Amino acid sequence: MPERTSSCLASRCAPFCRLLVWLLLIVIVAWIFLRLSSLGMDYEWQWNRAWRYLGRWTDAGFQAGPLLEGIYLTLGISALGLVFSAGLGLFFAILRLSPWPGCILLAKAYVCALRNTPLLLQLFFVYFLIAPLLDMGPFWSAVLALSAFEGAYAAELFRGALLSVPAGQWEAAISLGFGIRQTLILVILPQAARNALPAITSQAISLIKDTSLVSAIAVADITMRAQSIVAETFLAFEVWLMAGFIYLVITLFIALPGIWLEKSWKWK
């Protein structure tokens, strides 16, 4: 009875706590701006010049600016990187859990090599060494490097999720006549996906933010377009704040559905 009372109290207080968190964030941001002003920061905000780099309305309708045009490349790299990294992660997670020493060693080498080296170096390695051999441009070089890098993290994520499923699930499925492949696909993977959902959401958000590094290999994403605008107009704070807001909106479209799914799939 006390547990049920505390649970009801927590559910009622949750909206109030979220409101307090947002108010606290607003207060912190306002304090930062006031603090910078009091320190004599001589910067003239020019939002009237900056907005057009997001987009503007013309007689023909809305025309996207350079920052919004960069979203297409960012979303394309993120979507392809997410699909390929998930495939690589699941593949190497299964290899790691296999009974064959050679497969286990290969999976360990892949994870160790890519997880313990910087993504920027991997981008340069793919772009300058691998891309000329495969005749790839900057876009596919970025997709390959991000997929391999995030796939190493996804491999350990999926391995932990698979190990979190009780061994009795394997035994029960096999005793009902399921083969190993059927058991993995129909019984184990759905439970592992539910267990790994929070980590998968975080990994997807991390991948989107990591795309900001692809500007180093001449991919005209949001970050590279922001750099070009700042170099041309010197509107540093305005442009980078808008770029940061765009990344925030994109990641929220991943985070919020992830939270909803997590609540929907929660164990009863």
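Two strands are taken to pair if DSSP finds at least two bridges between them. In this predicted model, local features need pLDDT of at least 70, side-chain atom pairs count only at pLDDT 80 or more, and totals for chains, interfaces and linings use all residues. Residues are numbered from 1 along each chain as its sequence is written, and side-chain values use heavy atoms, with hydrogens and water left out.

Strand β1 (residues 55–58) and strand β2 (residues 61–64) run antiparallel and are joined by four bridges. A hairpin of two residues leads from β1 to β2. Thr 58 has Gly 61 in β2 as its bridge partner.

The chain as a whole contains ten helices and two strands. Helices (H or I, at least four residues) and strands (E, at least two) are DSSP runs, numbered from the N terminus. From that terminus the order of elements is α-α-β-β-α-α-α-α-α-α-α-α. The chain has 268 residues, of which 32% are buried. Buried means under 20% relative accessible area, exposed means over 50%, and partly exposed lies in between (1.4 Å probe, protein chains only). The accessible surface is about 17,000 Å², with 71% of it belonging to carbon and sulfur atoms. Accessible areas come from the Shrake-Rupley method with a 1.4 Å probe; for residues, only the protein chains shown count as cover. Contacts (heavy atoms within 4.5 Å) were also examined. Among those between residues at least 6 apart in sequence, 70% join residues at least 24 apart.

Three salt bridges were counted, each defined as a side-chain nitrogen of Lys or Arg within 4 Å of a carboxyl oxygen of Asp or Glu. Arg 225 pairs with Glu 69, with the closest N and O atoms 3.5 Å apart. Arg 225 lies in helix α9 (residues 222–233) and Glu 69 in helix α3 (residues 66–97), so this bridge ties together parts that are 156 residues apart in sequence. Both ends are partly exposed: Arg 225 at 23% relative accessibility and Glu 69 at 35%.

Glu 156 forms a salt bridge with Arg 96 at 3.1 Å, N to O. Glu 156 sits in helix α6 (residues 138–164) and Arg 96 in helix α3, so the pair ties together parts 60 residues apart in sequence. Arg 96 is partly exposed at 21%. Glu 156 also meets Arg 159 in a salt bridge of 2.9 Å, N to O. Arg 159 and Glu 156 both lie in helix α6, three residues apart, about one turn of the helix.

Six aromatic pairs were found. Rings of Phe, Tyr and Trp (its six-membered ring) pair if their centres lie within 6.5 Å; planes under 30 degrees apart count as stacked, over 60 as edge-to-face and the rest as tilted. The Phe 124 and Phe 128 rings have centres 6.0 Å apart and planes at 45°, so this pair is tilted. Both residues lie in helix α5 (residues 119–134), four residues apart, about one turn of the helix. Phe 124 is partly exposed at 30%, whereas Phe 128 is exposed at 53%. Phe 128 also forms an edge-to-face pair with Tyr 127, at 5.0 Å centre to centre and 70° between the planes. Elsewhere, ring pairs link Phe 91, Phe 92 and Tyr 110 into a cluster.
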